[in-house]
Structure formats: structure tokens, C-alpha cells
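User: I would like a close look at one part of this model. Please keep it brisk and connect the pieces.

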Amino acid sequence: MTGKHIELFLVEGIPLGITTAEIAGWTGHVLSGPRADLADILKRDEAQRNGAYLLLGSDDDAVGGTNCYIGRTENFRNRFRDHNAKKEFWDRVVLITAKDDAFNEGHWGYLEARLVELAKQASRVTLRNDNTPLGRRLSEAQASDMEAFLTQLQIILPVLGVDVIRTRAAAQPQAPSASDSPVFTLSSARVGVRAQAQLFGNEFTMLAGSLVIGAWTGTGKAESTQRAYASYRAQHQKLVADGSIAIEGKVGRLTRDVPFTSPSTAGAVALGRSCNGRIEWVWEGGNYADWENRGLAL
């Protein structure tokens, strides 16, 4: 696996403030910052270039808890004055530019369309774009340049906490190796659950097509259990509401890959009860804990 040297700079010296990000040897440049700092962002050199951008806003009712608008512009200052006046949902902005203005309007039109396409594939946010942008026609060489640029974006954006275009292919871009996650299975014939999942990066991802419980009805007796069950129920209900789980009788079928913070959370949402995911998710070599401990002399 090839390592990446990523340079992050906290412009104001504080986390979650204006931040720049670059990859060594890459022509791209990414700037992220809160809406409250928009005036300072638009004073920076990056805002004088043309490029693409993301507007991000937290929303409990959105897919992944995030609304997102993807656009491109030849003048960030004018465009963002308009967005600041007319779009209320966003609280964070990400500017994507190229050093020395290496790309023209056609390149950025191509990138905008590909960003929207990948965001739809990833299904991690609710897109607020009213129209699907049409990609600009580029030469074979220019399109290749932009795809290479996009590959680097898929690496650097998650480092900034932006998972809009984080797809399964982006998380595992190379041929499988011995250290890559196997496909784990979780089954319960009694409730009709048969789910599959893999670990991609730091996310335990339940795969599209998995069968899960149709309705999460557990309550629990102890107060701590009741709180945990309420959280699992809310996650399940949200996945149903946003279409990620399609109800088919008494079971639900995942319509997309759904990332979770742990195998236990994924298992609980799937089974409708608490779950020790390290034990209950299994593969041909044992359970998740066995795989997690591979190569350790315990």
C-alpha cells in the first residue's frame, strides 16, 4: 500500500476553523471553514481562483445527518455572496481549487458533474442540488487528468471530515490483500435477518442487499439499556425514513451500503436487540474478534 503525505494547516490555530489541505506532489488545494468565517475565507487567495465547492449543513432529518450542495464557479466572491443571501441550510464550506489556476471552466464543469455523481453513489448526504449538472466534454487526456485529481480528492476530503464522495471503491482502491477485511455475515433465521458487512477504513459497513429487522421494537429493562435501545431504534427508523432500508413484509432490505461506527452498532440495528458484534459477525475463519486479532501473539 502506498502512503500519502497530507499537509493540514489550521489558519487560525484552532480545530474546526479555517483549514487548508494539500497532498505532496498534487496540483490541488482544499480549503474548509465555517460559515461564520466566510468574510475571512473570501479574502484569501484561493477565493480569487476558479474551482468547485461544497456547502455542508447539519440536519437530523438528512441522510447521514448532512445536507450538501455541490457547485462550481469562476468567482467565489460573487457566488458566495449569493449563496449567503439565498441558501440557509449550510454552516460549512469547502473550496476546491488548483494551484496556479491549472484548470479552466471545462475542467471544473467536468469535476462538478463527477462530484455529484459520486455523491449519489455514496448516498452519505442529502444533495440539495435542484439540477444534475452536465459534465463538460474534455479530451481523453484532460478527462484522465481530472479523474486523477478526483482520486486525490477522495483521499483528502475524509481527512477533513467530509465523507460526501467516500465510496466503497475509494476506501479500497487497490487489489485485495491479506490485511483487507473479509465479508462478515450476521444471521438470525427466527427474525429473517441475514446481513453482510465489511470493514472499510475505520467504518464497519453493512452492505446493500442485507436483510435486517423490519421494525425495531426492543425496549430493555435497565435505564442504561433503555437509552441504548432508543438510540438503535432511532438509527433504524431514520434509515427507513430516508429509504436506506426498504421494508419487505417483516424484514427490511438495505438499498445502499450503510457505514456504522462499530460491528456492535451495525448488529444491533440489524437484529433489533443488543449485539456483541465482535462475536456475532462471523466469516469462514471465525468471528470478527478472531479477524481483528489476526497476527497477534495473545
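Predicted model: local features only at pLDDT ≥ 70, side-chain atom pairs only at ≥ 80, totals over all residues.

How many residues lie between β12 and β13 in their hairpin, and which residue in the turn has a positive phi?

Analyst: The hairpin of β12 and β13 has two residues between its strands. Gly249 sits in the turn, with a positive phi of about 70°.

Now the strands themselves. β12 covers residues 245-248 and runs antiparallel to β13, with four bridges joining the two. Within it, Leu211 stands opposite Arg253 of β13. Strands of a sheet pair through backbone hydrogen bonds, either parallel or antiparallel.

Next, the helices on either side of the hairpin in sequence. α6 covers residues 223-241 and packs with α7 at about 70°, the axes being 9 Å apart. The two helices are therefore roughly perpendicular to each other. Their crossing is right-handed. From α6, the contact uses Tyr232, Gln235, His236 and Leu239; from α7, it uses Thr265, Ala268 and Val269. By class, that contact has four nonpolar, three polar and no charged residues.

α7, residues 263-271, also holds Ala266. Ala266 counts as buried because its relative accessibility is 0%. Leaving out residues up to four places away in sequence, Ala266 touches Phe204, Met206, Phe260 and Trp281. Gly286 is 20 residues from Ala266 along the chain, and their C-alpha atoms are separated by 18 Å.

Ser188 gives a link to another strand. Ser188 lies in β8, residues 184-188. At 17% relative accessible area, Ser188 is buried, because the cut-off is under 20%. Neighbours within four places aside, Ser188 is in contact with Val193 and Leu271.

Inside the order, β3 (residues 28-34) pairs with β6 (residues 92-98) in the antiparallel sense, over seven bridges. There, Ser32 stands opposite Val94 of β6.

The axes of α3 (residues 105-122) and α4 (residues 140-159) come within 10 Å and cross at roughly 50°. α3 and α4 are therefore oblique to each other. The crossing is right-handed. On α3, the contact residues are His107, Trp108, Tyr110, Leu111, Arg114, Leu115 and Leu118. On α4, they are Gln142, Ala143, Met146, Glu147, Phe149, Leu150, Leu153 and Gln154. By class, this contact has 10 nonpolar, three polar and two charged residues.

To return to the two helix pairs: α3 and α4 are oblique, whereas α6 and α7 are roughly perpendicular. The α3 contact with α4 includes two charged residues, whereas the α6 contact with α7 has none.

How values were computed
Residues numbered from 1 in each chain as written. Heavy atoms only, no water. Axes fitted to C-alpha atoms, helices over the stretch in contact; angles between N-to-C directions. Parallel < 35°, antiparallel > 145°, perpendicular 65-115°, else oblique. Left-handed = near helix turned anticlockwise from the far one by under 90°. Contact = heavy atoms within 4.5 Å. Nonpolar A, V, L, I, M, F, W, Y, C, P; charged D, E, K, R; others polar. Pairing = 2+ DSSP bridges. Buried < 20%, exposed > 50% of the residue type's maximum accessible area, 1.4 Å probe, protein only.
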